[in-house]
Amino acid sequence: MLANPAINPHKWVENYADYLYAYALGRLNDEEQARDLVQEVFLAALERADRFEGKSSERTWLTAILKNKIIDIYRKKSSGLTTIGIANAEQEPDFFWEDGHWHEEHWPKEFGVEDNDPLHHKEFNQVLQKCMQKLPPLWLAVFTMKHIDEQPTPAICTELKVSDSNFWVIIHRTKLNLRACLQKTWI
Amino acid sequence: MGPLKKIVYNCKQATFLIEKKLIGRLTFRETIELRIHLYGCSVCRIFGKQSQLINTMVQQFFRSTDNPSVRLDDDFKQELQHRIEEELNKN
């Protein structure tokens with residue numbers, strides 16, 4: 001039996017399973033994989049339970065284990081896409097002419113939700129999620145690590161093995177595609 | 001074309017600078033360039049506004065710990081807890 005009083009695995013599923021699942025799903029876009037990961041996290045945590053010192057909360061500790069597992073998956077997915085990970089995105093439209101002007105059909109147009117509190121706009125949120133799911137895995141990884149986890153850029157580049165210049169290309173193209181998808185789906 | 005003229009007419013570069021500004025820092029020169037571009041380009045102004053909006057929405061969504069739309073089903077959870085109890089009893 002477990003001797004560490006700082007943790008209570010009998011309550012883990014009840015307290016953290018949904019949270020960890022949502023966390024994984026948002027970053028991987030794969031329900032089955034996200035489910036497997038939740039299970040893996042709990043089992044891994046049990047194995048190293050004696051090393052948990054209770055300095056952080058149980059949830060923070062479990063989330064840290066999950067984060068590492070997600071990064072492992074990112075790495076596996078992105079290996080082979082050494083240059084830039086554009087391979088999956090060949091259908092990606094060309095937004096600009098050679099001189100840098102927008103192609104007219106890709107001009108950003110107002111969504112029409114900008115002014116009436118879109119943060120609480122449920123449908124719009126759902127469209128956004130769907131559009132994120134269309135991103136190539138490496139792009140989604142870069143995007144979530146930067147915008148959601150707010151990790152320092154050099155750390156992301158090291159973890160995902162992308163160069164600094166490729167990082168910026170990915171950040172730019174991800175947003176161009178995400179925004180275009182929103183416009184196309186929403187308007 | 002002079003460097004200033006280049007950015008004034010270059011939406012690709014301007015949208016790049018918008019992204020760079022959102023997560024990092026622009027050089028003084030880039031700040032000026034972007035400002036001049038946006039002054040004359042309403043399309044990129046829309047892009048900038050929406051890009052910021054997307055960031056805010058994504059952050060808000062992912063950070064809300066209680067996200068009722070994403071849940072594991074109860075059967076799976078029950079099985080999972082069962083599995084944990086088994087592991088606990090092993091030792």
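In this predicted model, the largest nonpolar core holds 44 residues, and those touching the most other members are Leu20(A), Tyr21(A), Ala24(A), Val38(A), Val41(A), Leu66(A) and Val142(A). Two or more residues each are given to this core by H1, H2, H3, helix H4 (122-133), helix H5 (137-148), helix H6 (153-160) and H7 of chain A, together with H4 of chain B. H1(A) makes the largest contribution, with eleven residues. A second, separate core is made up of nine residues, among them Cys11(B), Ala14(B), Phe16(B) and Leu34(B).

Among contacts in chain A with a separation of 6 or more, 65% join residues 24 or more positions apart. Helix H1 (residues 12-28) of chain A is mostly covered, with 13 of its 17 residues buried. Just after H1(A) comes Asn29(A), which takes a positive phi of about 60°.

Leaving out residues up to four places away in sequence, Val142(A) touches Ile156(A), Leu160(A), Phe167(A), Ile170(A), Ile171(A) and Thr174(A).

Phe52(A) lies in the loop between helix H2 (31-47) and helix H3 (58-78). Beyond its neighbours within four places in sequence, Phe52(A) is in contact with Asn4(A), Ala6(A), Ile7(A) and Trp61(A). The C-alpha atoms of Phe52(A) and Pro5(A) are 9.9 Å apart in space, although 47 residues separate the two in sequence. Trp168(A), for its part, is found in helix H7 of chain A. With 18 other C-beta atoms within 10 Å, Trp168(A) is partly exposed. Trp168(A) and Lys76(A) are 92 residues apart in sequence, and their C-alpha atoms are 21 Å apart in space.

The two chains also meet. In all, 39 residues of chain B are in contact with 42 residues of chain A. On the side of chain B that touches chain A, H2, helix H4 (42-63) and helix H5 (74-90) of chain B each supply at least two residues. The largest share of this side, 16 residues, comes from H4(B). By class, the residues of this side of chain B divide into 19 nonpolar, 13 polar and seven charged.

One helix pair between the chains can be described in detail. The axes of helix H7 (residues 164-186) of chain A and H4(B) come within 10 Å and cross at roughly 95°, which means that H7(A) is roughly perpendicular to H4(B). Here Lys175(A), Leu178(A) and Arg179(A) in H7(A) meet Phe47(B), Gln50(B), Ser51(B) and Ile54(B) in H4(B). The contact of H7(A) with H4(B) has three nonpolar, two polar and two charged residues.

Finally, helix H2 (residues 11-23) of chain B has 13 residues and reaches 19 Å from its first C-alpha to its last, close to the 18 Å expected at 1.5 Å a residue. The buried residues in H2(B) include Cys11(B), Ala14(B) and Phe16(B), and Cys11(B), Ala14(B) and Phe16(B) also belong to the second core.

Definitions and conventions:
Residues numbered from 1 in each chain as written. Chains lettered and ligands numbered in written order. Predicted model: local features only at pLDDT ≥ 70, side-chain atom pairs only at ≥ 80, totals over all residues. Helix = DSSP H or I, 4+ residues; strand = E, 2+ residues; numbered from the N terminus. Contact = placed C-beta atoms within 7 Å. Expected span 1.5 Å × (residues − 1). Buried ≥ 20, exposed ≤ 12 C-beta atoms within 10 Å, placed from the backbone. Nonpolar A, V, L, I, M, F, W, Y, C, P; charged D, E, K, R; others polar. Axes fitted to C-alpha atoms, helices over the stretch in contact; angles between N-to-C directions. Parallel < 35°, antiparallel > 145°, perpendicular 65-115°, else oblique. Core = buried A, V, L, I, M, F, W, Y, C linked by C-beta atoms within 7 Å.
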